[in-house]
Amino acid sequence: MYQIKFVIIPFFFCLSCAAEKTDAGWWQKKADMMVKNQLEKRGIHDEGVIRSMRETPRHIFVPENLRDLAYEDGPLPIGEGQTISQPYIVALMTELLELNGDERILEIGTGSGYQAAVLSPLVKKVYSIEIVKSLAERASEKLNEMQYHNVVVKWGDGYQGWAEYSPYDAIIVTAAPDRIPQTLIDQMKIGGRLVLPVGTYFQKLKVVTKMRDGETGEKNIIPVRFVPMVHSEKTSKEGSKFQISE
Ligand code: SAH
C-alpha cells in the first residue's frame with residue numbers, strides 16, 4: 001500500500017509541474033488581475049495602455065527567482081542596484097504620453113526593457129538609452145529574442161539624449177534627474193511631451209510640453225520615488241558610440 005502511494009504521489013505532482021511550465025498563459029491571469037486591481041481601479045483608462053499592460057509578459061523582464069512576484073503591486077530589483085517600476089507607474093507614465101501610434105519615442109533608463117516593451121505596440125519606434133552596460137546588453141538581447149523589432153537600445157548617457165534620431169514626438173525618463181535636462185527638451189518636437197520624475201529625495205512626476213514659441217509648460221502629477229539619473233563621464237563618452245541593437 002505504502003509503496004504504491006509513494007509512486008503515485010510524485011507522479012501526479014510532476015505532471016502538474018510540467019503542465020504549469022508548459023502552460024504559456026499561466027501569467028495571463030495574473031496580468032488580468034494586475035490590470036483590474038492595480039490599474040483600472042486607480043484610473044488608468046487608455047485602451048491601448050491597458051491592452052499593452054495585459055499582453056506584455058512582465059515576468060520575463062524580472063530575475064528568474066522573482067518571477068512569481070512580477071505582477072504584484074510594487075517595484076522589483078533587476079540587478080546593478082536598479083529597479084523595474086511598479087506596474088501602475090509604468091501604465092501611468094505611458095498614458096501621460098498620450099500616444100496615437102505614429103510616434104518615435106526616446107526612453108532614458110532602459111533597465112530591464114519592460115517599459116520599452118510596453119511602449120513597443122503603441123508607437124512606431126522606441127529608442128532607449130541605458131547607462132549601465134550589462135543592463136543595456138541584457139535588455140537588448142531580451143527585446144530581440146521576444147521580437148520587439150521596433151525597439152533599439154543604446155548603452156550611453158541619457159543626459160546627452162540621442163541626437164541622431166531627434167526630434168522625438170515624446171520622451172519618457174525612468175530615472176530621476178534633479179532638474180529637467182535641457183538637452184531632452186531640445187531633442188523634442190514642438191507639441192511634444194516629456195514625462196519624467198524630477199527631484200532628489202522628494203520627487204514629482206511631471207509632464208513637460210514644448211510649445212510653438214519654444215517655451216515649455218509643466219504639470220505636476222504625483223509624488224514618486226525613482227532611482228537617480230546619474231552622470232558618468234566614462235560611460236557617456238564610450239557609450240555615445242556604442243549601439244547595441246537595430
Ligand atoms: N524603465 C526601466 C526601469 C528603469 S530603472 C524598466 O522598465 O525596467 C532606471 C534606469 O535608469 C536604471 O537602469 C539606470 O541604470 C538608468 N539610468 C540612470 N541614469 C541614467 C542616465 N544618465 N542615462 C541612461 N540611463 C540611466
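Among contacts in the protein chain between residues at least 6 apart in sequence, 56% join residues at least 24 apart. Two residues are in contact here if their C-beta atoms, placed from the backbone, lie within 7 Å.

This is a predicted model, in which local features need pLDDT of at least 70, side-chain atom pairs count only at pLDDT 80 or more, and totals for chains, interfaces and linings use all residues. Residues are numbered from 1 along each chain as its sequence is written.

**The whole chain**

Show the protein chain as a cartoon. It has 8 helices and 9 strands. Helices (H or I, at least four residues) and strands (E, at least two) are DSSP runs, numbered from the N terminus. Of the 246 residues, 40% count as buried. A residue is buried if 20 or more other C-beta atoms lie within 10 Å of its own, exposed if 12 or fewer, and partly exposed in between; these C-beta atoms are placed from the backbone.

**Around the ligand**

Select the ligand next. Its shell holds 24 residues, and the closest are G109, G111, S112, Q115 and G158. Which of them gives the most? It is β2, with 3 residues.

By class, the shell divides into 13 nonpolar, 9 polar and 2 charged residues. Ala, Val, Leu, Ile, Met, Phe, Trp, Tyr, Cys and Pro count as nonpolar, Asp, Glu, Lys and Arg as charged, and the others, Gly among them, as polar.

**R138**

Go to R138, in helix α6 (residues 133-145). R138 is buried, because 22 other C-beta atoms lie within 10 Å. R138 and G111 are 27 residues apart along the chain, and their C-alpha atoms are separated by 8.9 Å.

**The nonpolar core**

Select I105, I171 and I172. Of the 61 residues in the largest nonpolar core, these three touch the most other members. Such a core is a set of buried Ala, Val, Leu, Ile, Met, Phe, Trp, Tyr and Cys residues joined through C-beta atoms within 7 Å. Helix α4 (residues 87-96) supplies the largest share of this core, 7 residues.

Stay on I105. Leaving out residues up to four places away in sequence, I105 touches L119, V123, V126, Y127, Y168, D169, A170 and I172.

Select α4. Is this helix mostly covered or mostly open? It is mostly covered, with 9 of its 10 residues buried. Those are P87, Y88, I89, V90, A91, L92, M93, T94 and L96.

α2 and α4 pack at an angle of about 75 degrees, with their axes 10 Å apart. The axes are lines fitted to C-alpha atoms over the stretch in contact, and angles run from 0 to 180 degrees between N-to-C directions. So α2 is roughly perpendicular to α4, a term for angles of 65 to 115 degrees. Zoom in on the contact: M34, Q38 and L39 in α2 meet P87, Y88 and A91 in α4. This contact has 5 nonpolar, 1 polar and no charged residues.

**V151**

Jump to V151, in strand β5 (residues 151-155). Why does V151 count as buried? Because 26 other C-beta atoms lie within 10 Å. Leaving aside neighbours within four places in sequence, V151 is in contact with A116, S120, V126, S128 and L143. V151 and S128 are 23 residues apart in sequence and 7.3 Å apart in space, C-alpha to C-alpha.

Most residues other than glycine have a negative phi, and most peptide bonds are trans.

- E98 lies in the loop between α4 and β3 (104-108). Its phi is positive, about 50 degrees, although E98 is not a glycine. E98 counts as partly exposed, because it has 14 C-beta neighbours inside 10 Å.
- E80 is in the loop between β1 (76-79) and β2. Phi of E80 is positive too, near 60 degrees. With 15 other C-beta atoms within 10 Å, E80 is partly exposed.
- P167 sits in the loop between β5 and β6 (168-173). The peptide bond from S166 to P167 is cis, with omega near 5 degrees.

Methods:
A residue is near a molecule or strand if its C-beta atom, placed from the backbone, lies within 6 Å of it. Angles under 35 degrees count as roughly parallel, over 145 as roughly antiparallel, 65 to 115 as roughly perpendicular and the rest as oblique.
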